[in-house]
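Work through the exercises below with the sequence and the 3D view at hand. Each task is followed by its solution.

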Amino acid sequence: MTDQRKKRIRARIQEARGRLIEQIPFFGLLLMYLKFVSVPKMKKISTNGRCIYFSPDFLEKLNYKELDYILCHQILHIVCGHIWREQDLEGDDYHFACDIFVNLILEDYGFCQERYPHLGYLYRQMSDSVDFYGKSPEEICGLMPYSLYVFNEDIRSKFLMDNEYWWNYKDDNGQSGEIIIDLPELMGSIKDGGESLVPQADGEGDGADGECGVVSIQVWKARAAAMAKTLEGSSSKDNGTSAVPDCIKRIFDKMKEPVIDWKKILNNFLQERINDYSFSPPDRRFSDTDFFLPDFNEKDFVSKEILFMVDTSGSVNDNDLAAVYSEICGAIEQFGGKLSGKLGFFDTCVIEPIPFDNVGDLNRIIPYGGGGTDFRVIFEYIKHELCNEFPACVVIFTDGEAPYPLQSDTMDIPVLWIINNTKITPPWGRVIRVLPNND
């Protein structure tokens, strides 16, 4: 591709993203997490959750409304989990059902045309007798009056807005094509009143590169839920529609009241390990027991930093992440906003923990990960990166399914495991079980 053509395509993408940030910010801002990769021999456009892959010939012929639509279309395929479909759902019928599902959502955001010149028909129904509104792609697929496979491949492709090829190659990070827009030039580049509108964790890339494995559905749903929180109460510029699709609101609505009494738990937990508390007066909450514990000095406690580490491996779903955020928000609120610490994420490596002082800070920290799990990496990170000042304790949210380090590797830092099931018990440390809401 010539430099001139690359510059022209890059400008078109940037203009489309800018329009969407202004008009439908939920979609425009989430596009900031994706690289744009030109693959000349592919058909139409596709995504794997890390990149948007496109045929330059296809993209260049789209008018601005078509380009805006097809980019929003890719975002919904990601955040609604379509690209992570089960193997038995691969194929044009399920892909078409996903397109219908997406078209019904985007209709509320001004994409109301029945047909676009270079995209074809925006199918929302297949017959007057079957209503797909409110149905999942799986339900739509089951209700379709006929299979696309009654047609040959050329005709089937006319039913489909895009290409599902890259749904199957989630480990590719743009190396299979020519990167037109990379992440470093995106992150933090959109400003509003001097502050970045794009939630950031480490300021570098998508947090899913290298050893940390492919980006997962949990990561994207958590990004979408955090974006929903940021945009809560706002509306799209054109038609007053809520800025956040209902399917994403349902993810955010899974956030619930915390079930842990954090003041009591952290008080009891840390008092076992911290010896400089006064035993006069004793804690009256335990006056009717055989325990004689020092009174909790909240002023001393809140000055000590807690490290919260969250398992974002493939075995942890968005319900689990919702429960995690609920509990950490609850901890902050139960300490009257005085509790501060760091929140980090891990799978087989650690994403650098981000400091927080309040719930607002917490909502801007986005989970990254999606590979396997290894608890040993947490304490390796602490040993090498936090050696100047160890945290007062480490609170680990996980399903418990991973290799454990030796207790001696914890450097005598108290460890509290928050486990989301009743099956696994860590070999050492204190354990609390918080079962997520799976409704």
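Two strands pair if DSSP finds at least two bridges between them. The model used here is predicted.

**Exercise 1.** Find how strand β3 pairs with strands β1 and β2.

Solution.
1. Strand β1 (residues 35-38) runs parallel to β3, with four bridges between them.
2. Strand β2 (residues 45-47) is antiparallel to β3, with three bridges.
3. Ile52 in β3 stands opposite Phe36, and Thr47 also stands opposite Ile52.
4. β2 and β3 form a hairpin with three residues between them, and Gly49 in this turn has a positive phi of about 90°.

**Exercise 2.** Decide whether the residues on the two faces of strand β3 are buried or exposed.

Solution.
1. In a regular strand, side chains alternate between the two faces of the sheet.
2. In β3 (residues 51-54), Cys51 and Tyr53 lie on one side, and Ile52 and Phe54 on the other.
3. Buried means under 20% relative accessible area.
4. Cys51, Ile52, Tyr53 and Phe54 are all buried, so both faces of β3 are covered.

**Exercise 3.** Identify which parts of the chain are linked by the salt bridges Arg5–Asp57 and Asp68–Arg19.

Solution.
1. The closest N and O atoms of Arg5 and Asp57 are 2.6 Å apart.
2. Arg5 lies in helix α1 (residues 3-23) and Asp57 in helix α3 (residues 56-61), so this pair ties together parts 52 residues apart in sequence.
3. For Asp68 and Arg19, the closest N and O atoms are 2.8 Å apart.
4. Asp68 in helix α4 (residues 64-79) and Arg19 in helix α1 are 49 residues apart.
5. Both Asp68 and Arg19 are buried.

Technical notes
Residues are numbered from 1 along each chain as its sequence is written. This is a predicted model: local features need pLDDT of at least 70, side-chain atom pairs count only at pLDDT 80 or more; totals for chains, interfaces and linings use all residues. Side-chain values use heavy atoms; hydrogens and water are left out. Buried means under 20% relative accessible area, exposed over 50%, partly exposed in between (1.4 Å probe, protein chains only). A salt bridge is a side-chain nitrogen of Lys or Arg within 4 Å of a carboxyl oxygen of Asp or Glu.
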